[in-house]
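This briefing covers a pocket, some charged pairs and a surface patch. Please read it alongside the sequence and the coordinates.

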Amino acid sequence: MARFSSASGRLSIAAVAVVTLVALAGFGVFAPASTPGQIFWVLASKSTLSSTLRLSVPIVLAALGGIFAEKSGIINIGLEGLLIISAFAAIFGADATGSLWLGFLVGIVASTLLAGVFAAVCIEFRADQIIAGLAVWLIALGLAPFASQVFYGGPNTQSVGTFDTITVPGLADLPFFGALFDASPAVYIMFLAVAVSWYVLNRTTFGRWVRAAGENPKALDTAGVDVSRVRYAAVLLSGVFSGMGGAALAINIGQFTGNGPTMVNGKGFIAIVAYLFGNYNPVGALLSTTLFAGLDAVQLRLQTADVIAVPDSLVQTIPFVAVIVVLALVGRTRLPEAAGEHYESGEE
């Protein structure tokens, strides 16, 4: 069987999703007590959308960072590590200063500094970008729980509180869509970051430089633009966005949890899948993340609602199975031509 093209794969997924939702809606209206009907009302509940938005924040913000880095030619698979280090730094900063917003800024700074080290290793010292990205992840995976052990006596920090919810009177009471008007500030930061990222990449000179650095760095160099500086800026932006994501994740929960894979638990790697599925488009990354986060929110609700007679351990695999199916159907997304390649001014 011939492999689906990326476009046909996305259309196929969209068509299947629409048909499935329509079918579930039919059961929800005409047979609400049936298992498909109950699943529909879980999907259509305000709490499910609220959970989807909350779960999307760190993934979307990390994906935006990955888009900037990879568009410039630097493959940053260390997004997971940036989320981890910023999550701990945000809680530590909030605890030290007594301000959640200052803690949020501390998380961004920590992630940006680590991204700067990654950029220097890859750009100045021409290290393998995949290995360097894995190193960022492993360093953060060990450093953050160790720092928590040093300062808090265990891998988990104490609670510092959470952001207050922003509620729009009247609109917040709407069924389902009311969740959009009754959310954490981090949700609105996510939407703003997506809009700003799309504008910067598609409507500014810097965005054109970023794309050129990843597609044809020689042409950009010939035009008199320093390729290394553009790549540095793009990777630092990946640190800023990932820092926002990790800080939002931790502060929305109120503490850092460093057990096992930490509270980040693979969100940085899902972010990579999200922007690849979204074809390096910030809006596409948001939509694909909404799919994955929505499935995650649904599986959490299905576990608590006891709607289907399926073991919880199997229900928990739904989002990850969806990721595999999406990758299989969409196939290979075209990487920027110079992604992963080193470049120095004056190279022939």
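The lining of the second largest pocket divides into 9 nonpolar, 3 polar and 3 charged residues, where Ala, Val, Leu, Ile, Met, Phe, Trp, Tyr, Cys and Pro count as nonpolar, Asp, Glu, Lys and Arg as charged, and the others, Gly among them, as polar. This is a predicted model, in which local features need pLDDT of at least 70 and side-chain atom pairs count only at pLDDT 80 or more, while totals for chains, interfaces and linings use all residues. Residues are numbered from 1 along each chain as its sequence is written, and side-chain values use heavy atoms, with hydrogens and water left out.

**Second largest pocket**

- About 320 Å³ of space lies in this pocket, a pocket being an open set of points on a 1 Å grid over the protein atoms alone, where a 1.4 Å probe fits, with protein on both sides within 12 Å along at least five of seven lines.
- Of the 15 residues that line the pocket, Asn265, Lys267, Asp296, Gln299 and Phe320 lie nearest its centre, lining residues being those with an atom within 4 Å of a point.
- Helix H12 gives the most to this lining, with 5 residues, helices being DSSP runs (H or I, at least four residues) and strands likewise (E, at least two), numbered from the N terminus.

**Salt bridges**

- The structure holds 5 salt bridges, each a side-chain nitrogen of Lys or Arg within 4 Å of a carboxyl oxygen of Asp or Glu.
- Lys46 and Asp182 meet through their side chains in one of these, at 4.0 Å from N to O; because Lys46 lies in helix H3 and Asp182 in strand S2 (residues 182-183), the pair ties together parts that are 136 residues apart in sequence.
- Arg334 forms a salt bridge with Glu215, with the closest N and O atoms 2.9 Å apart, and this pair links the segment after H14 to helix H8 (residues 205-215).
- Arg334 also forms a salt bridge with Glu337, with the closest N and O atoms 3.3 Å apart, and the shared partners join Glu215, Arg334 and Glu337 into one network.
- Glu337 is exposed at a relative accessible area of 53%, whereas Glu215 is partly exposed at 30% (buried means under 20%, exposed over 50%, partly exposed in between, with a 1.4 Å probe and protein chains only).

**Nonpolar patch**

- Phe92, Ile139, Leu143, Phe146, Val150 and Phe151 form a nonpolar surface patch with about 600 Å² of accessible area together, patches being made of residues with over 30% relative accessible area and no salt bridge, with nonpolar side chains (Val, Leu, Ile, Met, Phe, Trp, Tyr) joined within 5 Å.
- Helix H6 (residues 129-152) supplies the largest share of the patch, 5 residues, and Leu143, found in H6, is partly exposed at 43% relative accessibility.

Notes. Patches are made of residues with over 30% relative accessible area and no salt bridge: like charges are joined within 9 Å, nonpolar side chains (Val, Leu, Ile, Met, Phe, Trp, Tyr) within 5 Å. Accessible areas come from the Shrake-Rupley method with a 1.4 Å probe; for residues, only the protein chains shown count as cover. Grid points are joined across faces, edges and corners, and a volume is the space filled by probe spheres set on the points.
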